[in-house]
Amino acid sequence: MSEDLFSALDHLTATSTVVIDRPRGSAHPRYPAAIYPLDYGYLTGTVSADGDGIDLFRGSAVGNGVVAMAVIADIDKKDVEVKILLDCTADEIGTAAAFLRDTLGLGTTVWRREVS
């Protein structure tokens, strides 16, 4: 069942343009002390729970595709969102999760794609 979800995420990333609006090393717009550890952006032509494009972290493992997804609960915004982890290494998946959870204080669960 999870492979159906990851196949759908593959389709979304393949048929959308990735826009990186917060490059690695840039500050979060609301929390300037929070520095993005990976490129962060969204998929054009998609819609997430907040009405903007589906968010994603892009790592350094070009060609890996969608390797995981993070589901976050933001108590301040009172919403839940999904963030795609694209082309990330195993370490980068952990880094993205720690940034969301520890730096931004968001409830975060990460589902890694099963590799056969």
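The largest pocket of this predicted model holds about 500 Å³ of space. A pocket here is an open set of points on a 1 Å grid over the protein atoms alone, where a 1.4 Å probe fits, with protein on both sides within 12 Å along at least five of seven lines. Its lining has 30 residues, and H28, R30, Y40, K77 and K83 are the closest to the centre; lining residues have an atom within 4 Å of a point. By type, the lining divides into 13 nonpolar, 5 polar and 12 charged residues. Elements that give two or more residues to this lining are β1 (18-22), β2 (39-43), β3 (55-58), β4 (66-74), β5 (79-86) and α2 (90-103). Helices (H or I, at least four residues) and strands (E, at least two) are DSSP runs, numbered from the N terminus.

Strand β5 contains E81. At 3% relative accessibility, E81 is buried, a label for values under 20% (1.4 Å probe, protein chains only).

A34 lies in the loop between β1 and β2. A34 is also buried, with a relative accessible area of 4%. Leaving aside neighbours within four places in sequence, A34 is in contact (heavy atoms within 4.5 Å) with S26, A27, H28, F99, T103 and L104. The C-alpha atoms of A34 and F99 are 8.2 Å apart, though 65 residues separate the two along the chain.

Residues are numbered from 1 along each chain as its sequence is written. Side-chain values use heavy atoms, without hydrogens and water, local features need pLDDT of at least 70, side-chain atom pairs count only at pLDDT 80 or more, and totals for chains, interfaces and linings use all residues.

Methods. Points joined across faces, edges and corners; volume = space filled by probe spheres on them. Nonpolar A, V, L, I, M, F, W, Y, C, P; charged D, E, K, R; others polar. Buried < 20%, exposed > 50% of the residue type's maximum accessible area, 1.4 Å probe, protein only.
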